[in-house]
Amino acid sequence: MSKKDITRRKFISTASAAAISAVAAGGIAACGNNNKKSAKLALFGGEPVRTKKFPPWPTADENVVKSIVTTTKSGIWCRIQSKSGTVPTFEKKFAELIGTKFCLATGSGTQALHTALAGLEIGGGDEVLVPPYTDPGSISAILICPALPVIIDVDPESFQIDPDKIEERINENTKAIMPVHIMGQPVNMDKIMNIAQKHNLKVIEDACQAHLAEYKGKKCGTMGILGCFSFQASKVLACGEGGAVIGNDEEIMDKCYTFHNRGTSRKGTTDIGGPKYRMNEFEGAVLLPQLETLEKQSVRRNSNADYLTSKFKDIPGIYPQKLYDGTTRGAYYKYGFIYKKEYFNGVDRSKFLKALSAEGIPCSGYINFRLDKEPWTENLINSKTFRKLYSKERLKRYREENDCPNNNQICNEMVVFSQNQLLGTKNDMDDIINAVLKIYENRDQLT
Ligand SMILES: *Cc1c(COP(=O)(O)O)cnc(C)c1O
């Protein structure tokens with residue numbers, strides 16, 4: 001029986017001993033010119049598969065350097081000084097690139113998410129549905145509204161919010177769904193949009209990792225009423241700290257502007273209270289030239305990711321992120337796979353990560369903490385603000401419902417490579433594959 005004869009679902013759930021022993025381990029060809037089947041692992045002093053570095057991130061080419069010098073010398077350092085400064089120009093170009101009418105730049109992705117929620121007037125007493133396998137910024141943006149982040153467990157294969165678990169959590173206070181395109185690959189948006197339509201909920205896409213990703217040909221961030229991006233240093237479009245909200249509804253986008261401009265509208269009247277979340281012109285200057293290189297980098301990451309997946313599917317115990325049928329393009333902020341130790345003689349993920357790093361392949365367990373179990377949950381239940389806004393009964397139920405077994409499993413079994421590794425050559429990808437293969441074939445050394 002080959003690996004593909006056993007259903008994927010069965011593999012992902014705790015695999016039976018019989019299924020494991022049925023997997024044929026032999027016959028997996030090494031890639032490139034690495035033909036050594038048995039070798040000493042680098043962790044124990046053997047020769048590493050690779051000593052070369054992967055492409056660095058973030059990077060500044062000549063155009064980025066030129067752009068920041070120009071902005072520095074111009075004296076236009078703040079967006080309100082000029083309508084043709086780097087920030088307004090970036091907003092126009094980014095909206096065009098992603099395909100919405102409007103874009104509002106902010107100081108971070110978290111700020112973008114908070115601005116989007118505020119623009120939709122989500123606040124005290126409201127509930128927002130969000131997955132736990134994400135950056136803390138997704139949850140934090142909801143908390144500071146202050147609205148209740150209702151945690152929906154993830155699908156164990158796609159690592160994305162599980163649409164089938166959403167409806168049971170909807171009540172009369174539910175106002176929005178915040179799907180997160182985790183690792184930069186699209187969520188099952190058809191299902192999300194159907195549920196949202198049926199229950200009259202707003203969809204705010206957390207596309208902070210998903211620049212240029214597409215679902216059925218539509219760019220991530222354009223399917224919900226608002227979409228949010230991050231330009232933090234690690235993201236695929238980076239300026240240190242930065243973010244953006246995109247959308248087509250002028251009135252809502254104007255509300256977002258007013259909120260992010262400490263309550264002052266485009267007309268100059270101060271209408272509400274709000275934080276000051278404006279992006280500065282230096283950040284705009286760093287971002288603008290990168291719009292020229294983003295597309296090429298995205299194409300490269302996608303083809304390298306496809307190649308990795310085509311090889312990993314033959315290695316027992318390695319399960320790359322499942323992409324939904326509608327995925328026409330990923331962003332690959334991370335390339336993630338589930339590591340099943342049952343296929344590696346029970347070797348813990350932490351040891352696998354150490355062994356892989358020793359072979360010259362940077363890797364990590366990514367989100368190791370369980371966001372659904374972090375202190376914020378109890379702090380929320382005990383906070384003065386939330387106790388005023390939500391009934392005792394609601395908060396009690398909140399604690400009971402807040403249990404995400406799939407998230408727990410993913411947090412324990414995830415292995416990721418970073419986007420900059422996917423900017424390498426095919427030979428670089430062969431090194432990654434051969435290192436994983438070497439560890440698999442020499443797993444006895446690890447036990
Ligand atoms: C990075 C990120 C955020 C937060 O963005 P910041 O710019 O770091 O504030 C939110 N959600 C996801 C999924 C992210 O990856």
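**Figure 1. Helix 5 meets helix 8.** H114, T115, A116, A118 and G119 of helix 5 touch I252, K255, C256, F259 and H260 of helix 8. The model shown here, as in every view below, is predicted. Sorted by class, this contact has five nonpolar, four polar and one charged residues. Helix 5 covers residues 109–119, and helix 8 covers residues 250–260. Two packed helices are described by the angle between their axes and the distance between the axes. For helix 5 and helix 8, the angle is about 120° and the axes lie 8 Å apart. Angles of 65 to 115 degrees count as roughly perpendicular, and those over 145 as roughly antiparallel. Helix 5 and helix 8 are therefore oblique to each other. Their crossing is right-handed.

**Figure 2. Helix 4 packs against helix 9.** Helix 9 is made of residues 281–290. The axes of helix 4 and helix 9 are 8 Å apart, at an angle of about 45°. Because of that angle, helix 4 is oblique to helix 9. The crossing of these two helices is left-handed. On the helix 4 side, the contact is made by T86, V87, P88, T89, F90 and K93. On the helix 9 side, E281, G284, A285, L287 and L288 take part. What classes do the residues of this contact fall into? Six are nonpolar, three are polar and two are charged.

**Figure 3. The second largest pocket.** This view stays with helix 4, now as part of a pocket lining. The second largest pocket holds about 460 Å³ of space. Its lining has 17 residues. Those nearest the centre of the pocket are R79, P88, E91, Y257 and R266. P88 also belongs to the contact of helix 4 with helix 9. Which elements give two or more residues to the lining? They are helix 4 (86–98) and strand 1 (102–106). Helix 4 gives the most, with four residues. By class, the lining of this pocket has eight charged, six nonpolar and three polar residues.

Figure 4. Rolling a probe the size of a water molecule over the atoms shows where empty space is left. How many cavities of 30 Å³ or more does a search of the whole structure find? The search finds one. The space in the largest cavity is about 30 Å³. Its lining is made of V150, I151, Y398, E401 and N402. Strand 3 (148–151) and helix 14 (392–401) are the elements that each give two or more residues to this lining. Three of the lining residues are nonpolar, one is polar and one is charged.

**Figure 5. Two cis peptide bonds.** W57 and P58 are joined by a cis peptide bond, with omega about -5°. Where does P58 lie? P58 is in the loop between helix 2 (17–22) and helix 3 (62–74). Another cis peptide bond links C145 to P146, and its omega is about -5°. P146 sits in the loop between helix 6 (136–143) and strand 3.

**Figure 6. A positive phi at F159.** F159 is not a glycine, yet its phi is positive, at about 65°. F159 lies in the loop between strand 3 and strand 4 (174–177).

Terms used. Residues numbered from 1 in each chain as written. Predicted model: local features only at pLDDT ≥ 70, side-chain atom pairs only at ≥ 80, totals over all residues. Heavy atoms only, no water. 1 Å grid on protein atoms, 1.4 Å probe; cavity = no way out; pocket = protein on both sides within 12 Å on 5 of 7 lines; lining within 4 Å. Points joined across faces, edges and corners; volume = space filled by probe spheres on them. Nonpolar A, V, L, I, M, F, W, Y, C, P; charged D, E, K, R; others polar. Axes fitted to C-alpha atoms, helices over the stretch in contact; angles between N-to-C directions. Parallel < 35°, antiparallel > 145°, perpendicular 65-115°, else oblique. Left-handed = near helix turned anticlockwise from the far one by under 90°. Contact = heavy atoms within 4.5 Å.
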